[in-house]
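Please take a moment to look over the sequence and the structure together before reading on. The paragraphs below then go from one side chain to the next.

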Amino acid sequence: MVINTKRFKDYFPYYDFFATPDGAECLPKTYYYTKYGAISGAIFSIYEMALLSKPTTLGSTLARFGHFTLPFAGMGFIFGSSICMLGQVRKKDDVANHFIGGALAGSIWGLKYGRVTPGHQMALLVGFVAAYFKYFHVHNIPMFNMRSEAYVRSDPRLDFSIKLYDDPGRPDEA
């Protein structure tokens with residue numbers, strides 16, 4: 001029996017945002033943040049339409065789809081462009097760039113609703129999540145089961161080759 005050891009990233013290619021420091025490769029980073037924001041907004045819109053709003057006509061369905069997809073794409077664009085600009089202006093590749101970029105991106109949510117309170121809440125949420133991911137990447141802390149090969153090989157809890165006795169197996173029935 002062959003065990004397939006491919007990971008998610010082997011099946012679906014993705015853009016590695018942390019491969020270059022903040023302020024480098026601005027156009028591809030902004031493009032992919034916008035793309036992933038639009039995709040996540042589309043997924044959110046589909047679930048929202050299926051479970052909550054349940055539009056009845058094609059026009060209302062398209063309007064509801066754009067109601068969340070466009071702000072999410074805008075959040076991705078603002079996040080990507082702001083961390084790139086902050087990286088170039090501050091000349092640093094650190095957590096603060098991602099917190100500020102996340103806060104700017106989250107403020108788009110407040111513009112969407114036309115109120116300050118949701119904007120502040122989403123700005124703090126997105127800022128802290130972005131800073132969290134950057135902090136864990138900078139300090140090389142694995143997150144969400146993103147274990148390196150060296151970690152998997154050296155962790156004794158993941159070594160299941162210890163046997164208390166030799167397995168005699170089934171005798172040949174021939």
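This is a predicted model: local features need pLDDT of at least 70, side-chain atom pairs count only at pLDDT 80 or more; totals for chains, interfaces and linings use all residues.

The side chain of Lys 134 meets that of Asp 93 in a salt bridge, with N to O at 2.8 Å. Because Lys 134 lies in helix 5 (residues 116-138) and Asp 93 in the loop between helix 3 and helix 4 (95-113), the pair ties together parts that are 41 residues apart in sequence. Asp 93 itself is partly exposed, at 36% relative accessibility. As a general point, side chains of opposite charge can pair when their charged atoms come close.

How many salt bridges does the count come to? The count comes to 3 salt bridges, and another of them joins the side chains of Arg 64 and Glu 48, at 2.9 Å from N to O. Arg 64 lies in helix 3 and Glu 48 in helix 2, so this pair ties together parts that are 16 residues apart in sequence. Is Glu 48 buried or exposed? Glu 48 is buried, with a relative accessible area of 8%, whereas Arg 64, with a relative accessible area of 25%, is partly exposed. A further salt bridge is formed by Arg 90 and Asp 94, whose closest N and O atoms are 2.9 Å apart. Here Arg 90 is partly exposed, at 28%, and Asp 94 is partly exposed too, at 23% relative accessibility.

Helix 3 (residues 58-90) is also the place of Thr 69, a residue that counts as buried at 11% relative accessibility. The side chain of Thr 69 is joined to that of Ser 45 by a polar contact of 3.2 Å.

Ile 39 is partly exposed, with a relative accessible area of 41%, and together with Ile 43, Tyr 47, Leu 51 and Leu 52 it forms a nonpolar patch on the surface. The accessible area of these residues together is about 570 Å².

The aromatic rings come next, and a search of the whole structure finds 16 aromatic pairs. In one of these pairs, the rings of Tyr 31 and Tyr 32 have their centres 5.0 Å apart and their planes at 75°, so the pair is edge-to-face, a term that applies to planes over 60 degrees apart. Tyr 31 counts as partly exposed, at 48% relative accessibility, and Tyr 32 likewise counts as partly exposed, at 24%. The rings of Tyr 132 and Phe 133 make an edge-to-face pair as well, because their planes stand at 85° and their centres lie 5.5 Å apart. Tyr 132 is partly exposed, with a relative accessible area of 33%, and Phe 133 is partly exposed, with a relative accessible area of 29%. Which residues form one aromatic cluster? The members are Tyr 15, Phe 17, Tyr 31, Tyr 32, Tyr 33, Tyr 36 and Phe 79.

Rings and charges also meet in this model, as Lys 112 shows. The charged end of Lys 112 sits over the ring of Trp 109, at 5.2 Å from its centre, and the charged end of Lys 112 also sits over the ring of Tyr 113, at 4.0 Å from the centre of that ring.

How values were computed:
Residues are numbered from 1 along each chain as its sequence is written. Side-chain values use heavy atoms; hydrogens and water are left out. Rings of Phe, Tyr and Trp (its six-membered ring) pair if their centres lie within 6.5 Å; planes under 30 degrees apart count as stacked, over 60 as edge-to-face and the rest as tilted. Buried means under 20% relative accessible area, exposed over 50%, partly exposed in between (1.4 Å probe, protein chains only). A charge sits over a ring if NZ of Lys or CZ of Arg is within 6 Å of the ring centre and within 35 degrees of the ring normal. Patches are made of residues with over 30% relative accessible area and no salt bridge: like charges are joined within 9 Å, nonpolar side chains (Val, Leu, Ile, Met, Phe, Trp, Tyr) within 5 Å. Accessible areas come from the Shrake-Rupley method with a 1.4 Å probe; for residues, only the protein chains shown count as cover. A salt bridge is a side-chain nitrogen of Lys or Arg within 4 Å of a carboxyl oxygen of Asp or Glu. Helices (H or I, at least four residues) and strands (E, at least two) are DSSP runs, numbered from the N terminus. A polar contact is a pair of N or O atoms within 3.5 Å; within protein, one must be able to donate a hydrogen and the other to accept it, and residues adjacent in sequence count only if both atoms are side-chain atoms.
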